[in-house]
Amino acid sequence: MGTTITIDGILVTDVTPYRTKLVSVREKLAAIFAGFDPARPELLLPREAEIVGLANDAERLREIVERWDKVEAQCANVLGVWDLIKAFTGDGA
């Protein structure tokens, strides 16, 4: 049995597409801000809606990926303890 999480009521069994999309969104934001001069934010005003949308997507995707990673780490902890219990009891099951 693999890791699963629920996102907006949908069972997700593979986070790879979310990781890929997160990388893509971050790359798009980096491209938009390449050479950005914080003294001249008005130069990006025509793209403000796009920037905010991408930033919101990046945050949502980051949260999904972090949630997945947390669940995987918790499962690994439980399985690690299970291995210890089997060693304590001499049970191979």
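This is a predicted model: local features need pLDDT of at least 70, side-chain atom pairs count only at pLDDT 80 or more; totals for chains, interfaces and linings use all residues.
**Helix α2**

Helix α2 spans residues 48–89. With 42 residues, α2 reaches 61 Å from its first C-alpha to its last, which is close to the 62 Å expected at 1.5 Å a residue. Just after the helix, Gly90 adopts a positive phi of about 70°. The buried residues of α2 are Ile51, Leu54, Ala58, Leu61, Ile64, Val65 and Trp68. An α-helix has 3.6 residues a turn, so residues three or four places apart point the same way. The cover over the buried residues of α2 includes β1, β2 (10–12) and α1.

**Packing of α1 against α2**

Two packed helices are described by the angle between their axes and the distance between the axes. Helix α1 comprises residues 16–33, and its axis comes within 9 Å of that of α2, with a crossing at roughly 145°. The crossing of these two helices is left-handed. On the α1 side, the contact is formed by Tyr18, Arg19, Lys21, Leu22, Val25, Arg26, Lys28, Leu29, Ile32 and Phe33. These meet residues of α2, among them Ile51, Leu54, Ala58, Leu61, Ile64, Val65 and Trp68. Charged residues of α2 also take part, including Glu50, Asp57, Arg62 and Asp69. By class, the residues of the contact of α1 with α2 divide into 14 nonpolar, no polar and eight charged.

Leaving aside neighbours within four places in sequence, Thr3 is in contact with Val12, Thr13, Trp68, Val71 and Glu72. With Glu72 there is also a polar contact between side chains, at 3.5 Å. One of the contacts of Thr3, Trp68, is also among the buried residues of α2.

Apart from neighbours within four places in sequence, its contacts are Leu11 and Arg67. Thr6 and Trp68 stand 62 residues apart in sequence, while their C-alpha atoms are 9.7 Å apart in space.

How values were computed:
Residues are numbered from 1 along each chain as its sequence is written. Side-chain values use heavy atoms; hydrogens and water are left out. Axes are lines fitted to C-alpha atoms, for helices over the stretch in contact, and angles run from 0 to 180 degrees between N-to-C directions. Helices (H or I, at least four residues) and strands (E, at least two) are DSSP runs, numbered from the N terminus. A crossing is left-handed if the near helix is turned anticlockwise from the far one by less than a right angle, and right-handed if clockwise. Contact means heavy atoms within 4.5 Å. A polar contact is a pair of N or O atoms within 3.5 Å; within protein, one must be able to donate a hydrogen and the other to accept it, and residues adjacent in sequence count only if both atoms are side-chain atoms. The expected span of a helix is 1.5 Å times one less than its number of residues. Buried means under 20% relative accessible area, exposed over 50%, partly exposed in between (1.4 Å probe, protein chains only).
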